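Thank you all for coming; I would like to take a few minutes to walk through one model. Please have the sequence and the picture in view while I talk.

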Amino acid sequence: MDSIEFPAVKPSKAEGGANKRPVRRRVLFSTAMLTIICFTTVLNPRAATPAAPHRVEVTAKKYVFEPAEVTLKKGEPVDLVLKTGDVAHGLRFRELKVDLKVNKGATGEVHFTPDKVGYFIGHCSVFCGSGHGRMMLTLHVVD
Ligand SMILES: [Cu+2]
């Protein structure tokens, strides 16, 4: 196999020393700008769709909600999706006027916008067995 040899070019101190730094700075600046663009547009779905509601998925099963606590932002629309892992369950937050029931194997969804800050305790609203009374989901609404 033939190989092409390129003469080694060593920049003289006068040209190399003066040009190395600006090139490195330009590369660093370009990398930084690219990183900022990626984080603000591609990797942040809210930047692309500012009105998209916050989707929260919760699974109910005897006798827990997973996750057991969810943090929401006051004034930010929420799509709360409830799935059941076993039998029929429900989820009710009286103060937030949220009441959702899901049958076995089904998925329910409720859309709401929390308008007050605080901790809100939701309970299962469909009798599902002996531990039904202790099934709770805490919504922590922050400013
Ligand atoms: Cu229940």
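Before I come to the strands, let me say how they are assigned: helices (H or I, at least four residues) and strands (E, at least two) are DSSP runs, numbered from the N terminus, and two strands pair if DSSP finds at least two bridges between them. What you see is a predicted model, in which local features need pLDDT of at least 70 and side-chain atom pairs count only at pLDDT 80 or more, while totals for chains, interfaces and linings use all residues. Residues are numbered from 1 along each chain as its sequence is written.

Let me begin with strand 1, which is joined to strand 2 by a hairpin through 2 residues. These two strands pair in the antiparallel sense over 3 bridges, and Ala60 stands opposite Phe65 in strand 2. Strand 1, residues 54–61, also pairs with strand 4, residues 78–84, this time in the parallel sense over 7 bridges, with Leu80 in strand 4 as the bridge partner of Val56.

Finally, Glu95 lies in the loop between strand 5 (89–93) and strand 6 (98–102). Glu95 is exposed because 12 other C-beta atoms lie within 10 Å, where exposed means 12 or fewer, buried means 20 or more, and partly exposed lies in between, with C-beta atoms placed from the backbone. Glu95 and Pro114 are 19 residues apart in sequence, and their C-alpha atoms are 9.9 Å apart in space.
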